[in-house]
Amino acid sequence: MTVCLVVEDEPLARRKICDLLRQTAWIDTIHETATLAAARAVIKAHDVELAFLDIQLPDGRSLSLLDDLSAGVKIVFTTAFDQYAVTAFELQALDYLVKPFSEQRFKATLDRVQTA
């Protein structure tokens, strides 16, 4: 089972991601936050194995969280901005979802995560 962190400041996008994750049998726990500060608290308190990170947040860019995450954490970026895609893959992200994304596209990402 997998512990997942969703960092997304847009409530509707966060709800969509979490709803889709709740439908995924191998996801055990979902922690959701809207800020970097809250995400760091979750990372300190829990053994996060998978993170869905919106890049632009009110208190900074989620790229700064990568130093806080343990080695081996699977990262998927979810953002409305495509200009960070190259950087994301250079940082070993498993996927880069540009919002709005379809349920089918999200499930394809989950398949990629599970086999990685």
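Leaving aside neighbours within four places in sequence, T2 is in contact with W26, I27, D28, T29, E49 and L50, where contact means heavy atoms within 4.5 Å. The model is a predicted one, in which local features need pLDDT of at least 70 and side-chain atom pairs count only at pLDDT 80 or more, whereas totals for chains, interfaces and linings use all residues. Residues are numbered from 1 along each chain as its sequence is written, and side-chain values use heavy atoms, with hydrogens and water left out.

T2 is placed in strand β1, strands being DSSP runs of E with at least two residues and helices runs of H or I with at least four, both numbered from the N terminus. T2 is buried, with a relative accessible area of 14%; buried denotes under 20% relative accessible area, exposed over 50%, and partly exposed the range in between, for a 1.4 Å probe and protein chains only. V3, also in strand β1, is buried with a relative accessible area of 17%. Outside the four places on either side in sequence, the contacts of V3 are T29, H31, D47, V48, E49 and L50. Between V3 and I30, which are 27 residues apart in sequence, the C-alpha to C-alpha separation in space is 6.2 Å.

In soluble globular proteins, nonpolar side chains tend to be buried together. A nonpolar core is defined here as a set of buried Ala, Val, Leu, Ile, Met, Phe, Trp, Tyr and Cys residues joined through side-chain atoms within 4.5 Å. The largest such core holds 19 residues, of which L5 and I75 touch the most other members. At least two residues of this core come from each of β1 (2-7), α2 (36-45), β3 (50-53) and β6 (74-79), and α2 gives the most, with 4 residues. When residues up to four places away in sequence are not counted, I75 touches A51, L53, L66, L69, A93, L94 and D95. A second, separate core comprises 16 residues, among them V6, L20, V76 and L97.

Within α2, the residues L36, A39, V42 and I43 are buried. Seen down the axis of α2, its buried residues fall within an arc of 120°, so they line one face of the helix; the arc is taken over the directions from the helix axis to the C-beta atoms. A37, K44 and A45, on the other side of α2, are exposed. The cover over the buried residues of α2 includes β1, β2 (27-33), β4 (56-57) and β5 (60-61).

The structure also holds 3 aromatic pairs, a pair being counted when the ring centres of Phe, Tyr or Trp (its six-membered ring) lie within 6.5 Å, with planes under 30 degrees apart classed as stacked, over 60 as edge-to-face and the rest as tilted. F77 and Y96 form a tilted pair, at 6.5 Å centre to centre and with 50° between the planes. Because F77 lies in strand β6 and Y96 in strand β7 (residues 95-98), this pair ties together parts that are 19 residues apart in sequence. F77 is buried, with a relative accessible area of 1%, and Y96 is buried, with a relative accessible area of 7%. F101 and F106 form a stacked pair, at 5.7 Å centre to centre and with 15° between the planes, and both F101 and F106 are buried. Ring pairs link F52, F101 and F106 into a cluster. K16 lies over the face of F101, at 4.6 Å from the ring centre, the criterion being NZ of Lys or CZ of Arg within 6 Å of the ring centre and within 35 degrees of the ring normal.
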